[in-house]
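Please study the sequence and the structure shown below before reading on. The paragraphs that follow lead from a sheet to a core and then to a pair of helices.

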Amino acid sequence: MLLLIIAGIPLVKYNIETMKYLILGAGPAGLTFANTLLDHGEKDFLVLEADASAGGLCKSAEVDKSPFDTGGGHFLDVRNREVTAYMFRFLPEEEWDRYDRDSRIDLYGDVIASPIEANIWQLPEDKQKRYLEAIECAGCNTGSKMPEKFTEWIEWKLGSAIAEDYMFPYNRKMFGEDLDSLGTYWLEKLPNVSYEQTRLSCANKKAYGSQPAHAQFLYPKKYGYGEAFVRMADALGDRIRYNEKVTSIDYDNKIVNGSYKADRIVVTIPWTSVGEHINLPEKLAAGLDALKYSSIVTEYCRETLDTTAHWIYYPDPHKSFHRILVRHNFCPGSKGYWTETNLTRYDTEDAQKDGRIFFINEYAYPLNTIGKQELMKQFLDHTSSKGIYGLGRWGQWQHFNSDVVMQLAMELADNMLS
């Protein structure tokens with residue numbers, strides 16, 4: 001029982017549970033943070049999860065007797081040894097397979113390796129010539145100033161041909177039509193391939209330049225990726241509560257849902273999913289309305305494809321989905337593939353009538369809109385001053401992969417406990 005006092009005036013007594021740490025969300029960020037607390041001997045914490053199971057976007061289900069990652073394609077990057085060692089505590093190393101990434105682009109019937117600028121040598125020579133000429137004239141190669149609009153930046157960096165054939169249509173399918181609402185600050189995630197390297201790749205028939213994330217990755221032998229997070233949740237015992245949606249956060253009193261009070265609150269869920277923000281300055285509350293995200297649908301397709309690719313990107317606007325994940329190439333013994341489609345491009349009623357197997361993920365990708373970085377800095381500076389911390393893809397509103405999220409969670413827990 002807690003006697004709440006505001007402005008020196010005692011208010012009604014609430015039946016409120018108190019603890020040192022309250023963690024909102026049982027996805028990779030929340031589970032890693034909680035287990036890192038346990039590693040340090042800290043047991044005074046609680047995790048609240050809105051769903052009936054843990055994993056967040058990394059959940060897996062069994063579909064057609066094989067694993068299906070319901071939140072899209074998620075893999076464990078091999079480069080961060082600290083994170084892989086951490087995961088092996090829950091799902092031992094011998095239970096994972098290692099793969100060299102095979103990702104491709106279906107460029108309107110011409111299938112080439114990804115990234116496009118390193119692999120246009122796989123196209124017919126007349127198409128190679130078109131792309132090379134456009135890249136040579138791109139602003140980054142002619143010395144023009146780097147632009148601030150997304151579409152102009154893409155043409156400045158990759159040339160008009162790649163922009164028009166691939167980057168513009170693909171990003172519209174994935175993120176929406178208004179590409180110039182996106183900033184350019186996040187585009188360092190793109191592979192770095194220079195014009196000279198592209199030219200050499202065409203001359204020598206091999207890729208040059210840096211590789212994208214997951215150049216090598218791990219995937220469980222017998223399970224979906226979500227199995228690792230199920231085991232991390234199981235390790236928490238009764239310190240995790242399911243079916244507990246966060247409906248309110250009181251920022252001054254550090255109270256969630258009027259029922260839980262903590263010294264520190266770690267938020268890994270989307271800030272915009274919280275129904276009521278109590279004692280949050282009006283300007284910051286209004287700023288939350290500017291945070292944008294995209295929703296996706298994953299659908300299972302039974303066909304076994306004649307390809308060795310792990311996933312394939314589709315810029316063709318006539319196809320509703322923007323990529324497929326060929327699960328029989330990384331889930332031993334399975335068949336079929338799954339598509340990933342922006343919810344605005346997917347007809348759920350037709351899918352239900354047809355008896356198709358699909359999963360809706362309302363919060364899939366935080367959008368890197370103009371001004372988001374400044375907005376989130378102001379917002380998180382304020383909340384952290386109150387003892388409330390944003391963590392992970394949704395807590396920090398950044399398009400982080402799961403391995404990055406886990407690293408951030410371990411660092412935050414270590415810093416707090418030290």
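Two strands are said to pair if DSSP finds at least two bridges between them. Helices (H or I, at least four residues) and strands (E, at least two) are themselves DSSP runs, numbered from the N terminus. The model is predicted, so that local features need pLDDT of at least 70 and side-chain atom pairs count only at pLDDT 80 or more, while totals for chains, interfaces and linings use all residues. Residues are numbered from 1 along each chain as its sequence is written, and side-chain values use heavy atoms, with hydrogens and water left out.

An open sheet is built from seven strands in the order β10-β9-β18-β19-β20-β17-β21, with mixed pairing. Its edge strands, β10 (110–113) and β21 (358–366), each pair on one side only. From one strand to the next, the twist averages 25°. Within this sheet, β18 pairs with strand β19 (residues 323–325) in the antiparallel sense over three bridges. Y313 has R323 in β19 as its bridge partner.

The loop between β17 (293–301) and β18 (311–313) holds H310. Is H310 buried or exposed? Buried means under 20% relative accessible area, exposed over 50%, and partly exposed in between (1.4 Å probe, protein chains only). H310 has a relative accessible area of 5% and is therefore buried. Contact means heavy atoms within 4.5 Å.

In soluble globular proteins, nonpolar side chains tend to be buried together. The largest nonpolar core has 87 residues, of which L31, F33, M87, W96, I154 and F330 touch the most other members. Helix α7 (residues 160–175) gives the most to this core, with nine residues. A second, separate core of 29 residues includes V267, M376, F379 and I388.

Finally, the axes of helix α1 (residues 28–39) and helix α14 (residues 402–417) come within 8 Å and cross at roughly 35°. Axes are lines fitted to C-alpha atoms, for helices over the stretch in contact, and angles run from 0 to 180 degrees between N-to-C directions. Residues of α1 in the contact include F33 and L37, and those of α14 include M406 and L417.

Technical notes. A nonpolar core is a set of buried Ala, Val, Leu, Ile, Met, Phe, Trp, Tyr and Cys residues joined through side-chain atoms within 4.5 Å.
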